[in-house]
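Please examine the sequence and the three-dimensional structure shown below. The paragraphs that follow lead through them step by step.

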Amino acid sequence: MAMLGAFSSAQHKKNVSDANSDVSEFLCPVCLEIFDSPVTTQCGHTFCQSCLQKCLRPQKPACAVCRAALGHCTKAVELEALIQSSVAACKGCGAQVGLSQMRLHTGACPKYQEYIEEGVRTTAQSQPVIISPVPNRYTFTCPYCNCQNLDQDGLVEHCTTQHARDARQVVCPICASMPWGDPNYRSTDFFQHLKIRHTFSYDTFVDYSTDEHTMIQEALQRSLLDN
């Protein structure tokens, strides 16, 4: 392997697109692009510095991969050096490009854009239509502006910061996804509802795979033990 950062020309850089290497190790799990100024969290996951900033919500910063609380992060110096010293083939035109320049290249490469479009078409055609009877209880849509893919903490923070003055009565998307939820019930004070009902995750206390009869029996057994 060539010394990190010792050469500037693509011919003298490490080629990571050969059979023994995989460029996926250089991809950020958030943007799916080659790392840009990579940083590593305490839980061991690496992101672009700008992508990590999107995870740093004021109330509860969480890792985008494992949802662990975010604390001190460190620059991934060795990984950055490896990116600067490595090349890979563009999946569109096949040209050898330095990993540090791959974002710029693929953004302007028409062959790469065709490659992506063809991949999307192929994937859409090959995917079977699956209708899942299990509702999504992990990400939600804002009932005010339809902003999507918010987890529970993100929904609470988004609504309280972006829609605090909105007096409209709305359906709580978290409650509507629950087995006992009414998808048509509109809360008269949605923000008070969020503070009272959604300061914790139902996943901690609820087994969604258990039917109502079994839950009642378990509750009765616990009450007898408490007495």
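The structure is a predicted model, in which local features need pLDDT of at least 70 and side-chain atom pairs count only at pLDDT 80 or more, while totals for chains, interfaces and linings use all residues. Residues are numbered from 1 along each chain as its sequence is written, and side-chain values use heavy atoms, with hydrogens and water left out.

The strand β2 covers residues 38–40, and its antiparallel pairing with β4 runs over two bridges. Strands are said to pair if DSSP finds at least two bridges between them. Helices (H or I, at least four residues) and strands (E, at least two) are DSSP runs, numbered from the N terminus. In general, the strands of a sheet pair through backbone hydrogen bonds, either parallel or antiparallel. Here, three strands make an open sheet in the order β3-β2-β4, with antiparallel pairing. Because β3 (46–48) and β4 (74–75) each have a single partner strand, they stand at the edges, and one side of each is left without a neighbour in the sheet.

Strand β5 (residues 86–89) is joined to strand β6 (residues 96–98) by three bridges in the antiparallel sense, and V87 stands opposite G98 in β6. These two strands form a hairpin with six residues between them, and G94 in the turn has a positive phi of about 85°.

Over residues 90–109 the chain is 35% helix and 15% strand, and the end C-alpha atoms are 9 Å apart. Q101 lies in the loop between β6 and α3 (102–108). The C-alpha atoms of Q101 and I83 are separated by 9.4 Å, although the two residues are 18 residues apart along the chain. Q101 is partly exposed because its relative accessible area is 44%, where buried means under 20%, exposed over 50% and partly exposed in between (1.4 Å probe, protein chains only).

How many salt bridges are there? The count comes to two, a salt bridge being a side-chain nitrogen of Lys or Arg within 4 Å of a carboxyl oxygen of Asp or Glu. One joins R121 to E118, with the closest N and O atoms 2.8 Å apart. Both residues lie in helix α4 (residues 110–126), three residues apart, which is about one turn of the helix. An α-helix has 3.6 residues a turn, so residues three or four places apart point the same way. R121 is partly exposed at 43% relative accessibility, and E118 is partly exposed at 40%. Another salt bridge joins D166 to R168, whose closest N and O atoms are 2.6 Å apart; R168 is partly exposed at 46% relative accessibility.

Helix α5 (residues 152–162) has several buried residues, among them L155, V156 and C159. The buried residues of α5 pack against α6 (173–176) and α7 (190–197).

Finally, the protein may be considered as a whole. Its secondary structure comes to eight helices and eight strands, and 29% of its 227 residues are buried.

Note on methods: Contact means heavy atoms within 4.5 Å.
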